[in-house]
Amino acid sequence: MRLARLVVLPAILAASFLLASASKVPAEDTENIRVRFEIFGLAGLHVLTNRTIIEKAADRYSITMDLDTRGLARVFVDLTSHSEVHGRLARDAARPDAYHAEVLRNGVDRSYGVDYRTDGTVINASTPSSPGWASSIPAAQIRGTVDQLTAYFLLERQLAQRGTCALVVPVFDGSALYNVRFTDIKSEVLAADGYQNFAGPTQLCQLVREEILRNPGQGEDTYQQGKVWYAPLASGDLMLPVRMEFETAFGTVRGYLAELRGHGVHHHLIRE
């Protein structure tokens, strides 16, 4: 199970976040949101922590995401991951300039990099995983794609602006080319549960990962579909995931927004 793909910012996951260094404006003009998600697997096993930072400044955005497995989950998958993207904002769009990720999984270190040109050209700058390695995905097919962090950021902005999940985003992450298809399920008022004390109105979205191409030797099990509950907890132009549920080959994995900092507020939502 590739735990790094279970959130996205999501976190991510679907959720979306930035590096201060990507901003070209003074720090006092920068909007900064910090979130932490906790992910649980079978029998309530705590498997993963996701820490994400979102920054927006003028016409720029940046996102960073750090993942690491927790407790007994490390026996099966020992994972730490750092990914980041920075790019440009428009009223109805976000376009990445560069994406980079470092993933250490069970002692194997992989580095991914993608550069995005203003004409839509996408350059795979990932480090070869072995001698003689070369990307098998044609450049023409990744033209116009975005990274996985920006994909969820686009959804979160659209939800705040138009109130709908309906969106298809082509993604290239340095290894795989796929679409993330978001659709509306329903509006739902969540109640607090045994994991989280959040209660309130949300928009429930379905997401489906539609695989197109993957580089040889890079295949790892990941989610194919899931559900994410979004709520207006941050700025007026961004909705954030508060709960998520993904179906994997190893069963259902659930994630909860545990902590939110930004706009002078600090919400601690997880039951610990």
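A residue counts as buried when its relative accessible area is under 20%, as exposed when that area is over 50%, and as partly exposed in between. With these terms in hand, the structure above, which is a predicted model, can be described from the whole chain down to single residues.

**The chain as a whole**

The protein chain has 272 residues, of which 53% count as buried. Its secondary structure is made up of three helices and 15 strands, and its accessible surface comes to about 11,500 Å², with 54% of that area belonging to carbon and sulfur atoms.

**The disulfide**

The count of disulfides in this model is one. The partners are Cys 165 and Cys 205, whose sulfur atoms are 2.0 Å apart. Because the torsion about their S-S bond is about -65°, the disulfide is left-handed. Cys 165 lies in the loop between α3 (148-162) and β9 (167-172), while Cys 205 belongs to strand β11 (residues 200-214), so the pair ties together parts that are 40 residues apart in sequence. Both Cys 165 and Cys 205 are buried.

The model holds five aromatic pairs. In one of them, Phe 40 and Tyr 195 are tilted towards each other, with 4.7 Å from centre to centre and 45° between the planes. Phe 40 comes from strand β2 (residues 31-40) and Tyr 195 from the loop between β10 (176-190) and β11, so this pair ties together parts that are 155 residues apart in sequence. Phe 40 has a relative accessible area of 12% and is therefore buried, whereas Tyr 195, at 30% relative accessibility, counts as partly exposed.

Tyr 195 also pairs with Tyr 256, and here the rings are stacked, 4.9 Å centre to centre and with 25° between the planes. This second pair again links distant parts of the chain, since Tyr 195 sits in the loop between β10 and β11 and Tyr 256 in strand β14 (residues 251-262), 61 residues apart. Tyr 256 has a relative accessibility of 5% and so counts as buried. Taken together, Phe 40, Tyr 195 and Tyr 256 form one aromatic cluster.

| Residue | Partner | Distance |
|---|---|---|
| Thr 49, side chain | Glu 38, side chain | 2.6 Å |
| Arg 181, side chain | Glu 210, side chain | 2.6 Å |

Thr 49 is found in strand β3 (residues 46-57) and is buried, with a relative accessible area of 1%. Leaving aside its neighbours within four places in sequence, Thr 49 is in contact with several residues, including Arg 36, Phe 37 and Glu 38 as well as Asp 66, Leu 67, Asp 68 and Arg 70.

Arg 181 has its place in strand β10 and, with a relative accessible area of 35%, is partly exposed. Although Arg 181 and Glu 210 are 29 residues apart in sequence, their C-alpha atoms are 7.4 Å apart in space. Besides Glu 210, and not counting residues up to four places away in sequence, Arg 181 touches Leu 167, Val 168, Gln 206, Leu 207 and Val 208.

Arg 243 is found in strand β13 (residues 240-248), where its relative accessible area of 10% makes it buried. Not counting residues up to four places away in sequence, Arg 243 touches a list of residues that includes Leu 190, Asp 193, Gln 196, Phe 198, Lys 227, Trp 229 and Gly 255. Tyr 256, a member of the aromatic cluster described above, is also among the residues that Arg 243 touches.

**A positive phi in a loop**

Ala 58 has a positive phi of about 55° although it is not a glycine. Ala 58 lies in the loop between β3 and β4 (60-69), and with a relative accessible area of 65% this residue is exposed.

Terms used. Residues numbered from 1 in each chain as written. Predicted model: local features only at pLDDT ≥ 70, side-chain atom pairs only at ≥ 80, totals over all residues. Heavy atoms only, no water. Helix = DSSP H or I, 4+ residues; strand = E, 2+ residues; numbered from the N terminus. Buried < 20%, exposed > 50% of the residue type's maximum accessible area, 1.4 Å probe, protein only. Areas by Shrake-Rupley, 256 points an atom, 1.4 Å probe, with all protein chains shown as cover. Disulfide = S-S within 2.5 Å. Phe/Tyr/Trp six-rings, centres within 6.5 Å; stacked < 30°, edge-to-face > 60°. Polar contact = N/O pair within 3.5 Å; in protein donor to acceptor, adjacent residues only side chain to side chain. Contact = heavy atoms within 4.5 Å.
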